[in-house]
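Please read it alongside the sequence and the structure.

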Amino acid sequence: MTLSMRSNIAAEEIAKAAKVAFEESQLLPPVVRIDALVKIKLQLGANKAEILAANKQDMEATQVEVDAGRISKPMMKRLDLGKGDKWDSMLKGLQDVAGLPDPTGVVSYASQLDDNLELYRVSCPIGVLLVIFEARPEVVVNIAALAIKSGNAAILKGGKESNHTTHLLAKAISQGLAQTSLPSTYVQAIQTRAEVSALLDLDRYIDLVIPYRSNSLVKAIQNSTRIPVMGHADGLCHVYLDESADCQKAVRVVVDSKTDYPSACNAAETLIVHTSLLDTLWREVAQALLAADTLSALASLPNVHERFSSHVHLSTESSYSIEHLDLTMSCEHAASTFCRGVDSAGTFVNASTRFADGFRYGFGTEVGISTGRIHARGPVGLEGLVIYKYIMRSKAEKGHIVGEFGVGEGKKNFKHAAIATTSVPF
């Protein structure tokens, strides 16, 4: 048996187990999912030393790749699970997700079609998610939390740089699940590209693929699977300085948008400046960016700082063509026009692009940022991981049949009377 054949068999077993776990979970009450998140948090705490030791091992191996020029320094920084408050923030996100309202079983439409005939549109899980993400190991926990809370099973594939860390995080999650009524295979992790390739063929088991990496990866997956794909792809964050912008606000927000965490997907890439500001506000903003020492160059303008170099040019139509997030520094009227007129997953006024984040939005965490135009757009939290189904119930003695309704003698008309409820009453 070839290695490819073994990978295909292993992948199918993983996918089958995920589908069975999802189906078995559907009759369990929401409190079981909350309990699972509590147990996972405790298990992660118990395994912290072992997990951080594995993370250090991944970091040391990645440093070799950085020294050889094969991996960038920003990628290595994203890998560090022990940096600052990253570990505590990861656990806090887990706790926050557990405390959020259950996104399933919510009625968004209810109608009485006839006496004793009721129709409900009810939110429900998608099914089995295949999530492919980059080096950041905490994403394992973030996605597991959202999947469990929203009633979805998940198969996770992290970057090869974090294999040791990902393995132990997934192990802790399985150990936590094993202490509940949910199957331990409700969340699984894979580690090879061969497994990913095999899973992309298994549309009978997997319901949604979420690639959380580069645009090229998202495109490659979209072109190689029949499974629906919700992509966290490349997107530009623009900051526009309107002619009415306040200097202090502009400096604070532009610098934060660019320098708070430059390698993050919600850091500003493009600064668009109104021409009337080139000799005034632009100078203040440019000096502040230079002082932050994160840009290699800015604009070449007369009588400016000696460290300026020419990286400023007139904006064109293509400057606005890739959407993710747009921000404006402006007065009320311009802000209103901006928010209504710009087609983007997020439009902010006088606030840093770095706020575009599931945790900061109050979602607990996020499974990614959707830059497409589907039901989930921007940071994807619990609501982005549920769909809906229709539930109809007849309480009539003989039930209901369509033949009773229509135009003509003896036919009934539909009532279509709204029912005020947020949950199914049975």
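Leu-42 lies in helix α2, which spans residues 30-46. Helices (H or I, at least four residues) and strands (E, at least two) are DSSP runs, numbered from the N terminus. Leu-42 counts as exposed because its relative accessibility is 58%; buried means under 20% relative accessible area, exposed over 50%, and partly exposed in between (1.4 Å probe, protein chains only).

Together with Ile-34 and Val-38, Leu-42 makes a nonpolar surface patch of about 250 Å². Patches are made of residues with over 30% relative accessible area and no salt bridge, with like charges joined within 9 Å and nonpolar side chains (Val, Leu, Ile, Met, Phe, Trp, Tyr) within 5 Å. Accessible areas come from the Shrake-Rupley method with a 1.4 Å probe, and for residues only the protein chains shown count as cover.

## Basis of the model

This is a predicted model, in which local features need pLDDT of at least 70 and side-chain atom pairs count only at pLDDT 80 or more, while totals for chains, interfaces and linings use all residues. Residues are numbered from 1 along each chain as its sequence is written, and side-chain values use heavy atoms, with hydrogens and water left out.

## An open sheet

Four strands form an open sheet in the order β13-β2-β1-β14, with antiparallel pairing. Its edge strands, β13 (386-394) and β14 (417-418), each pair on one side only. Two strands pair if DSSP finds at least two bridges between them.

Strand β2 (residues 117-125) pairs with β13 in the antiparallel sense over nine bridges. Leu-117 stands opposite Ser-394 in β13.

## Salt bridges

A salt bridge is a side-chain nitrogen of Lys or Arg within 4 Å of a carboxyl oxygen of Asp or Glu. By this rule the count comes to 15 salt bridges. One of them joins the side chains of Asp-115 and Lys-415 (2.2 Å, N to O). This pair links distant parts of the chain, 300 residues apart: Asp-115 is in the loop between β1 (107-114) and β2, and Lys-415 is in the loop between β13 and β14. Asp-115 counts as partly exposed, at 41% relative accessibility, and Lys-415 also counts as partly exposed, at 43%.

Glu-138 forms a salt bridge with Arg-136, the closest N and O atoms being 3.3 Å apart. Glu-138 is buried, with a relative accessible area of 8%, and Arg-136 counts as buried at 18% relative accessibility.
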